[in-house]
Amino acid sequence: MPILETDALTRRFGDHAAVDGVSLSLDAGEVFGLLGPNGAGKTTMIKMLTTLLPPTAGSARVAGFDIARSARAVRRVIGYVPQLVSADGSLSGYENLLIFAKLYDIPRSERSLRISEALSFVGLLEAASRLVREYSGGMIRRLEIAQAVLHRPRVLFLDEPTVGLDPVGRRAVWDHIESLRKDFGTTIFLTTHLMEEAQSLCTMIAIMHRGRVAAIGRPDELKASVGENGTTLDDVFVHYAGDRLDSGGGYRETSRTRRTARRLG
Amino acid sequence: MRHREPDVQPDGSASPVAPSVRILLESVVGFVKKTLVIAELEVRKLRHDPAELLTRAIQPALWLLLFGQVFTRARAIPAGNIPYIDFMAPGILAQSVLFIAIFHGIAIIWERDLGLVHKLLASPSPRAALVLGKGISAGVRALTQVVIVYALSVMLGVKINWSPAALSGVIGAVLLGAACFAMLSLIIACIVKTRERFMGIGQVLTMPLFFASNAIYPISMMPGWLQVISRMNPLTYEVDALRALMLARGASVFGIGVDMGVLGLTLALLVIVAGRVYPGIAI
């Protein structure tokens, strides 16, 4: 049984279909990358799958639970790292994890062990008692990942996990995502607009364009589908998403992205 | 497959009530737990940055020292058998609590620009618990006003009822009142979604809530239409309870039970509404 499947999943905002009849199916243990320019519908897709946004039409199941009818059950088995900064700057790293350990009903007896495991997993054990507002961007992202995997989710959703990070921070985040898959078998669902990220992390890629999935497959398959040897994912992207990298999203999204980048940078 | 009644246990014993009661109990306990976690989150934040609370002492001080002093001399307002400054002190406490709570919702708008609200909503916590937790944290903030207004009142010679029962009653009324207005604020924040509009509405709301209540003059002084409005204003019941509990010679007009009941019901209603509009903030 696939760990995640969507069936003609659709979300409209007024007349505009942000996500337009997307059907996909994902096996456990994959690192799935949803690629697309800004405004392609990636975040809307993640918001529906994490039960934040009800779909207008269609359906989806995560770990067998319907996102609309069994939202609470879905929430128990997923972890979510939003695109925007989601750690609380006025709390320490440890406190951030403690609050979420409690929200996810991790028993008191296991709490401190789980928290220190998660902190050492992302290399933040020593910074645990510092306020998060003193963290670097890379540290914040790593803390957020620790926070999202405390309850050992079966599917981890990451929305643009490396936006605004420098190459070192980006590399560290990739390493953690990779070891989550290897060591815990966590299925990863991430969105990105970086080809390099998709190339080095993902076992499965879908290219999203104007709310629809333009192409889906393993990175090599996608490259092969476009042309001869030497094709890069960039070529694949241009081929399927058209040559226009029309960065939509408008003022609000742009200012948010930049603000996130500034906070993390 | 053999059809089996859902109430019948695998061992054959029928227990029609127990499982549903257990599930209900578990969800109530879960709800309370999650509410307290959210309150804990806010209180921890406050612990890291307590300076903000001190600035809150200014407003009640101005009201009691300036307005209170003048009107005590003027004897313009019938305060019953107590000095006007005594009559007014619980009203100013309620006002300070109102001011803290009514702007509490703006935190939601800040959180919306961050991803924290998304992460909270993607966690398996009842929505109503997430909002009530915020209401309680507004109450905890508001408790600092109890200390400030009591200190000012002692300075001004207000006769205070120091019995533990009365003090706990004051704490209860402040928590309830703060949670009510924090819920109202949260609902507004979820609807207007921007800081500018929220601040505008917050300002417009506080003055009528304050003046259409019994905070600084008794309802009996008001024209008929205003009496009706002020009887629908939760602040009136908060003040009424505080006046009876805080003052040595205080008395309640409606009865403390009615006051607390009205506040409790209002809170329950607002929590239900807030729990419904809150997820919209993540969209």
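In which order do the 6 strands of the open sheet in chain A stand? In this predicted model, the order is β6-β7-β8-β3-β9-β10, and the pairing is mixed. At the edges are β6 (78-81) and β10 (212-217) of chain A; each has a single partner strand, so one side of each is left without a neighbour in the sheet. If you follow the sheet from strand to strand, neighbouring strands are turned by 15° against each other on average, direction ignored.

Strand β9 of chain A covers residues 204-209 and is joined to β10(A) by 5 bridges, with the two strands running antiparallel. One pair to find in the structure is A:Met208 and its bridge partner in β10(A), A:Val213.

Helix α9 of chain A, residues 233-241, lies across β3 (31-35), β9 and β10 of chain A. Relative to β9(A), helix α9 runs at about 40°.

Now to the place where the two chains touch. Chain A brings 23 residues to the contact, and chain B brings 20 residues. On the chain B side, α1 (18-48) and α6 (116-121) each supply at least two residues. The largest share of that side comes from α1(B), with 7 residues.

What classes of residue make up the side of chain B that touches chain A? The table gives the breakdown.

| Class | Side of chain B that touches chain A |
|---|---|
| nonpolar | 9 residues |
| polar | 5 residues |

Conventions:
Residues are numbered from 1 along each chain as its sequence is written. Chains are lettered from A and ligands numbered from 1 in the order in which they are written. This is a predicted model: local features need pLDDT of at least 70, side-chain atom pairs count only at pLDDT 80 or more; totals for chains, interfaces and linings use all residues. Two strands pair if DSSP finds at least two bridges between them. Helices (H or I, at least four residues) and strands (E, at least two) are DSSP runs, numbered from the N terminus. Axes are lines fitted to C-alpha atoms, for helices over the stretch in contact, and angles run from 0 to 180 degrees between N-to-C directions. Two residues are in contact if their C-beta atoms, placed from the backbone, lie within 7 Å. Ala, Val, Leu, Ile, Met, Phe, Trp, Tyr, Cys and Pro count as nonpolar, Asp, Glu, Lys and Arg as charged, and the others, Gly among them, as polar.
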